[in-house]
Amino acid sequence: MSSGRLEGKVALITGVAGGIGLAMARRFVAEGARVFGVDRSQRRLDAALEGFDQASERIAFHRADVADEASVEAFVTAAAERFGGLDVLVANAGVGGWMVPIQGTEVANFMETIRINLLGPMLLIKHGAPRLTAQRSGAIIVTASIAGQRANSGPIDYSASKAGVISLVQNTAQSLGRKGVRVNALCPAGTATPMTKPSFDFLEAAVGTNPLADINPMRRIGAAEDMADAALFLASDESRYVNGQALNVCGGLSAAFPAPAIITDNL
């Protein structure tokens, strides 16, 4: 059920064709927002669009490279022109990195992860924030990860990029907050998405279960909808005094070092 928490707002979401980004788009539209979604795969965009009312005037999808500056500047302009302004920017597009030790890390692979996961959000903020500061209101959300805060939570390149994202959010929040714009990071943990499916399938085939669910206090991995609901809060006026924060949406996994069940089950 919708309560109209984003009624009248325009949101630009990158990485919208699947997983967390698609769940955000669905949630935002249901709450009254108009959504301009960006992804680099036209095939995935076409498939994602099938899940929306084809007659809806609340949704528009656009194919672009989120880490190419000219493309970012162009789709920010296109979004504002399509829906008459911008109120919410969501830098969600990302890649999962390479699960290899530092000795085996290829520089080209490392830099591509940094390009998409960190340069992409920087460019969206660079070109999108001026439209929000001009109206002295707006919210920017960047999808980070608890891997940006804790070791052994993800591949080296991925974790480094997400640590950079959190720093980017904290620093831009300082300057943009004075101009009426809030910037926050959304930090998922172990979320079921098309990006994580190969890794989760490998783990379950190897050990018969998903250890990320086993060590989580809530005994499950996250769903894309869990992250979309948290993003809805950060995008809405309900979070009007939340700025420069890394919001962990992880079932409690980041709150403590995972302990054997024999300990926690007897506390």
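Me: Which residues in α3 meet L123, L124, K126, H127, G128 and R131 in α4?
Reply: Happy to start there! This is a predicted model, where local features need pLDDT of at least 70, side-chain atom pairs count only at pLDDT 80 or more, and totals for chains, interfaces and linings use all residues. Residues are numbered from 1 along each chain as its sequence is written, and side-chain values use heavy atoms, leaving out hydrogens and water. With contact meaning heavy atoms within 4.5 Å, the α3 residues are E69, V72, E73, F75, V76, T77 and A80.

Me: At what angle do helix α3 and helix α4 pack?
Reply: Helices here are DSSP runs of H or I with at least four residues, strands are E runs of at least two, and both are numbered from the N terminus. Axes are lines fitted to C-alpha atoms, for helices over the stretch in contact, and angles run from 0 to 180 degrees between N-to-C directions. For α3 (residues 69–83) and α4 (residues 107–135), the axes lie 9 Å apart and the angle is about 35°.

Me: What is the order of the strands in the open sheet?
Reply: Two strands pair if DSSP finds at least two bridges between them. The edge strands, each pairing on one side only, are β3 (59–63) and β9 (246–249). The sheet has seven strands with parallel pairing, in the order β3-β2-β1-β4-β5-β6-β9.

Me: How many bridges join β5 to β6?
Reply: Along β6, A185 stands opposite V142. The strands β5 and β6 run parallel, and the number of bridges joining them is six.

Me: Which residues touch the most other members of the largest nonpolar core?
Reply: A nonpolar core is a set of buried Ala, Val, Leu, Ile, Met, Phe, Trp, Tyr and Cys residues joined through side-chain atoms within 4.5 Å. Buried means under 20% relative accessible area, exposed over 50% and partly exposed in between, with a 1.4 Å probe and protein chains only. The largest core has 41 residues, and those touching the most other members are L12, F36, F75, L86 and I140.

Me: Is M227 buried or exposed?
Reply: M227 sits in helix α8, which lies across β4, β5, β6 and β9. Not counting residues up to four places away in sequence, M227 touches I20, L186, P188, T191, G222 and V249. Its relative accessible area is 1%, so M227 is buried.

Me: What distance separates the C-alpha atoms of M227 and V249?
Reply: Along the chain, M227 and V249 are 22 residues apart. Their C-alpha atoms are separated by 6.8 Å.
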